[in-house]
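Welcome! Please open the viewer and take a moment to look around before reading on.

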Amino acid sequence: MSKTEEEIFQRLMADFAQNQGRRLLELEQDLPPLPEEEQLRLLEAAAQAQKQAPKPAAAPAPCWRRRAAAAALVLLIGSGAFFGEAGAVKDAVRRIQIRLTDDGVYFGLPQGEWKTGWEMEGRYAPAWLPEGYEPIEQSKTEIEGYDSLAYAQTNPYQNGTILFQRFSSNAITEITGDKESAQPVWVGDKEGGLIVKKWHKSADYRLTWYDPDAKSFFCLSTTYVPREELFAIAESVQRID
């Protein structure tokens, strides 16, 4: 790890620790007080443990503390590569479920976060496109919970297409024969997955991520678009109305 990468990673750890500390304090304040008999039981257990061991035994930590400790541990245990460690930190707080199915790749929210309505609020579109791309189609029929925009390369000496889709749903399955290439990724601070179809001199991409502000899954399907431009398009998506 270079000095610059180490400094960036140290800043990431410091920011995460500060945020985690504030969250722990908030959770501590929100915890209900223990009943009097439960307090007495814990005091008696601690006193008994102190007699039997050189050091007093701590009461079991609440589950949220165990999760926080696990996330903090991930910060300290890394592969030695900067991006590997940073990715491990994000994996520690991952909540989108991504798994292979018979049809393709499943992306879904935990069932506890499923909503009942399918109505989409506002319209979203990429604010940045690679040079030469122009819109060629917009979904014209009203399909509940679905919207799409298509773009094509207008330069006659270049190829390329971009399809941007929005699904207002709790889960979607990307039907693909290349599901084994799926990998978890992050679009800015939003989690999702990437499916890659490799060709001789290029690759097709299918990038799917969840935006909690839009309460929707977004998908970008591209041909002849480099990976770095794919993510630049995705990170530029914003509400346009």
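How many cavities of 30 Å³ or more does a search of the whole structure find? The search finds 1 cavity of 30 Å³ or more. This is a predicted model, in which local features need pLDDT of at least 70 and side-chain atom pairs count only at pLDDT 80 or more, while totals for chains, interfaces and linings use all residues. Residues are numbered from 1 along each chain as its sequence is written, and side-chain values use heavy atoms, with hydrogens and water left out.

**The cavity**

- A cavity here is a set of points, on a 1 Å grid over the protein atoms alone, where a 1.4 Å probe fits but cannot get out, and its lining residues have an atom within 4 Å of a point.
- The largest cavity holds about 40 Å³ of space; grid points are joined across faces, edges and corners, and the volume is the space filled by probe spheres set on the points.
- Its lining is made up of Y124, D147, S148, L149, F164, Q165 and R166.
- These lining residues divide into 3 nonpolar, 2 polar and 2 charged; Ala, Val, Leu, Ile, Met, Phe, Trp, Tyr, Cys and Pro count as nonpolar, Asp, Glu, Lys and Arg as charged, and the others, Gly among them, as polar.
- Strand 5 and strand 6 (161-167) each supply at least two residues of this lining; strands (E, at least two residues) and helices (H or I, at least four) are DSSP runs, numbered from the N terminus.

- You can find S148 in strand 5 (residues 146-153).
- Is S148 buried or exposed? S148 is buried, because its relative accessible area is 12%; buried means under 20%, exposed over 50%, and partly exposed in between (1.4 Å probe, protein chains only).
- Beyond residues up to four places away in sequence, S148 touches Q138, S139, L163, F164 and Q165, where contact means heavy atoms within 4.5 Å.

- Strands of a sheet pair through backbone hydrogen bonds, either parallel or antiparallel.
- In this open sheet, 7 strands follow the order 4-5-6-11-10-9-8 with antiparallel pairing; two strands pair if DSSP finds at least two bridges between them.
- Strand 4 (133-138) and strand 8 stand at the edges, each with a single partner strand, so one side of each is left without a neighbour in the sheet.
- From one strand to the next, the twist averages 25 degrees; axes are lines fitted to C-alpha atoms, for helices over the stretch in contact, and angles run from 0 to 180 degrees between N-to-C directions.
- Strand 8 (residues 183-187) pairs with strand 9 (residues 190-198) over 5 antiparallel bridges.
- The hairpin of strand 8 and strand 9 has 2 residues between the strands, and G188 takes a positive phi near 65 degrees there.
- Strand 9 is joined to strand 10 (residues 203-211) by 7 bridges, again antiparallel, and these two strands form a hairpin with 4 residues between them.
- Strand 10 also pairs with strand 11 (residues 216-223) in the antiparallel sense, over 7 bridges.
- Follow W209 across the sheet: this residue is the bridge partner of G192, and its bridge partner in strand 11 is F218.
- Helix 5 (residues 227-235) lies across strand 6, strand 8, strand 9, strand 10 and strand 11, and runs at about 50 degrees to strand 8.

- Q183 is found in strand 8, and its bridge partner in strand 9 is L194.
- Q183 counts as partly exposed because its relative accessibility is 29%.
- Leaving aside neighbours within four places in sequence, Q183 is in contact with G192, G193, L194, V196 and R227.
- Q183 and L207 are 24 residues apart in sequence, and 9.8 Å apart in space from C-alpha to C-alpha.

- An open sheet of 3 strands has the order 1-2-7, and its pairing is antiparallel.
- Its edges are strand 1 (97-100) and strand 7 (171-175), each with a single partner strand, so one side of each is left without a neighbour in the sheet.
- Neighbouring strands of this sheet are turned by 15 degrees against each other on average, direction ignored.
- Strand 2 (residues 104-108) is joined to strand 7 by 5 antiparallel bridges, and V105 has E174 as its bridge partner in strand 7.

**Two loop residues with positive phi**

- Most residues other than glycine have a negative phi, and most peptide bonds are trans.
- K215 has a positive phi near 55 degrees and sits in the loop between strand 10 and strand 11.
- With a relative accessible area of 46%, K215 is partly exposed.
- Y224 has a positive phi near 55 degrees, and its place is the loop between strand 11 and helix 5.

Note on methods: On a 1 Å grid over the protein atoms alone, a cavity is a set of points where a 1.4 Å probe fits but cannot get out, and a pocket is an open set with protein on both sides within 12 Å along at least five of seven lines; lining residues have an atom within 4 Å of a point.
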